[in-house]
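Dear colleague,

Please find below the structure that I am handing over to you. My notes on what was found in it follow directly after.

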Amino acid sequence: MGLKSFVEVQLDSQFPLENLPYGVFRPSPGCEARTGVAIGDYVLDLSIIASAGLFDGPLLKNSTCFNQPNLNKFLELGRPAWKEARATLQKLLSDTEPTLRDDASLRQNALQLMDKVEMLLPVAVGDYTDFYSNINHATNCGLMFRGSENPIKPNWFCLPIAYHGRASSIVVSGTNIVRPRGQDRPKGNSPPYFGPSRKMDFELEMAAVVGPGNELGKPVDVNEAADHIFGLVLMNDWSARDIQGWECVPLGPFLGKSFGTTISPWIVTLDALEPFVCDAPKQNPPPLPYLAEKESRNYDIELEVFIKPTGQEQSYAVTKSNFKHLYWTISQQLAHHTVNGCNLRPGDLLGSGTMSGPEPGTYGSLLELTWNGTKPLSLGGVTRTFIEDGDEVIFTGCCKGNDYTVGFGKCSGKILPSPT
């Protein structure tokens, strides 16, 4: 039997008392941003709870971390403070605790209907790194562009490959994305094509949100890395495949990626995900000592992608995958990121890489699902090889517990035409 809150939580809700994901919202236009947690169909305003003196534990009693326009200050406090906050909130929201339940005025001020508020980016993202840590995605891309003899380069099995992304173009779910313009490879002796991307794609990813950082020059031990990760969000790392393919050799992605990355507004904490821990895939060859974990853990998070074609009301499921397919774990990613002395900071994002499953129907991008445009998808009377103007792409993610669901909400964005 799941935990019970005095706030009504439907059985199919993604936000029961077991979850309590953190986000930032604006109650109405013109209001200042506030921190909150999701419970059922409501957002609990943490600034109200803090001002009422209800965070009375030793670590949060005198803190102003919930009176901020983002969650960065709270993330910086670390896991002991996160656990204290979670315990306080689960008690306050339980059906047996009268403090909030029986105070009508406080309850009215603190609980806002979720569909009446505007969700914002939950953190100020200082830096963003995108990994390439899913073996199925890496294999599929290698088969398409390198051939079957050597689809994955040997170094992929030795370290978590990544590149430094663009933090300034990270946006919250619901933000429209303008189709990027750029160059594509030339045909014959012609100059390169320049114009709107003709191969717009999504990438089904999740991102780890960094909590306490590390000092410059001081790496994080892989077995302590989880204490530097606050939680996970859904992430669509939009990709212009044609622009990316022409520019990426020899230095890696640039304009094909930097035009936009969408994340879900709710950060689900690692504490909420703890019941859904599963074994990570076996790594062969064994990782070097600095990447060798005492316990190699992934999370059983069901992921799904829908496309709503332009002009239609219905959305269509195009793929189902799972976060458990991650080859290099989030702890290994963070440890590798810092092994050279690089300093991470609260609010930094670490993208997982495209989360493809092992078979068609579970691939995490249109590049794979349509095999680079050669196998169109049928969506309610229309076909797609890549994303058209006006199409909306929607990600969902959840974990199924006993009589409850821990969910991430949705991560959505619509593609708008490129400016003329």
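Strands here are DSSP runs of type E with at least two residues, numbered from the N terminus. By that numbering, serine 5 lies in the segment before strand 1. Please keep in mind throughout that this is a predicted model.

Two polar contacts involve its side chain. One reaches the backbone nitrogen of valine 7, at 3.0 Å. In the other, a polar atom of the serine 5 side chain lies 2.6 Å from the backbone oxygen of leucine 93. Leaving aside residues up to four places away in sequence, serine 5 touches Leu17, Ile39, Leu93, Ser94 and Asp95.

Strand 1 itself, residues 22-26, belongs to the following sheet. This is an open sheet of 5 strands in the order 4-3-2-1-5, with antiparallel pairing. Which strands stand at its edges? They are strand 4 (111-113) and strand 5 (118-120); each has a single partner strand, so one side of each is left without a neighbour in the sheet. On average, and with direction ignored, neighbouring strands of this sheet are turned by 45° against each other. Strand 1 and strand 5 run antiparallel and are joined by 3 bridges. Across this pairing, valine 24 stands opposite leucine 120 in strand 5.

Another open sheet is also formed by 5 strands, here with mixed pairing and the order 9-26-25-20-21. Its edge strands, strand 9 (177-178) and strand 21 (316-322), each pair on one side only. Within this sheet, strand 25 (residues 392-400) and strand 26 (residues 405-416) run antiparallel, with 8 bridges between them. Isoleucine 394 stands opposite serine 412 in strand 26.

Turning to the helices, I would draw your attention to helix 6, residues 135-145. Its N-terminal end is capped by asparagine 134, a side-chain oxygen of which lies 3.0 Å from the backbone nitrogen of asparagine 136. The buried residues of helix 6 are Asn136, His137, Ala138, Asn140, Cys141, Gly142 and Met144. What covers them includes helix 10 (366-369). Just after helix 6, glycine 147 takes a positive phi of about 105°.

The aromatic residues deserve a separate note. The structure holds 13 aromatic pairs. In one of them, phenylalanine 66 and phenylalanine 74 have ring centres 4.8 Å apart and planes at 45°, so the pair is tilted. Phenylalanine 66 counts as buried at 3% relative accessibility, and phenylalanine 74 is buried with a relative accessible area of 0%. Tyrosine 327 and tryptophan 328 form an edge-to-face pair, 5.4 Å centre to centre with 75° between the planes. Tyrosine 327 is buried, with a relative accessible area of 4%; tryptophan 328 likewise counts as buried, at 0% relative accessibility.

Ring pairs also link Tyr22, Phe55, Phe66, Phe74, Trp82 and Phe230 into a cluster. Finally, arginine 198 lies over the face of tyrosine 193, at 3.6 Å from the ring centre.

With kind regards

How values were computed:
Residues are numbered from 1 along each chain as its sequence is written. This is a predicted model: local features need pLDDT of at least 70, side-chain atom pairs count only at pLDDT 80 or more; totals for chains, interfaces and linings use all residues. Side-chain values use heavy atoms; hydrogens and water are left out. Rings of Phe, Tyr and Trp (its six-membered ring) pair if their centres lie within 6.5 Å; planes under 30 degrees apart count as stacked, over 60 as edge-to-face and the rest as tilted. Buried means under 20% relative accessible area, exposed over 50%, partly exposed in between (1.4 Å probe, protein chains only). A charge sits over a ring if NZ of Lys or CZ of Arg is within 6 Å of the ring centre and within 35 degrees of the ring normal. Two strands pair if DSSP finds at least two bridges between them. Helices (H or I, at least four residues) and strands (E, at least two) are DSSP runs, numbered from the N terminus. Axes are lines fitted to C-alpha atoms, for helices over the stretch in contact, and angles run from 0 to 180 degrees between N-to-C directions. A polar contact is a pair of N or O atoms within 3.5 Å; within protein, one must be able to donate a hydrogen and the other to accept it, and residues adjacent in sequence count only if both atoms are side-chain atoms. Contact means heavy atoms within 4.5 Å.
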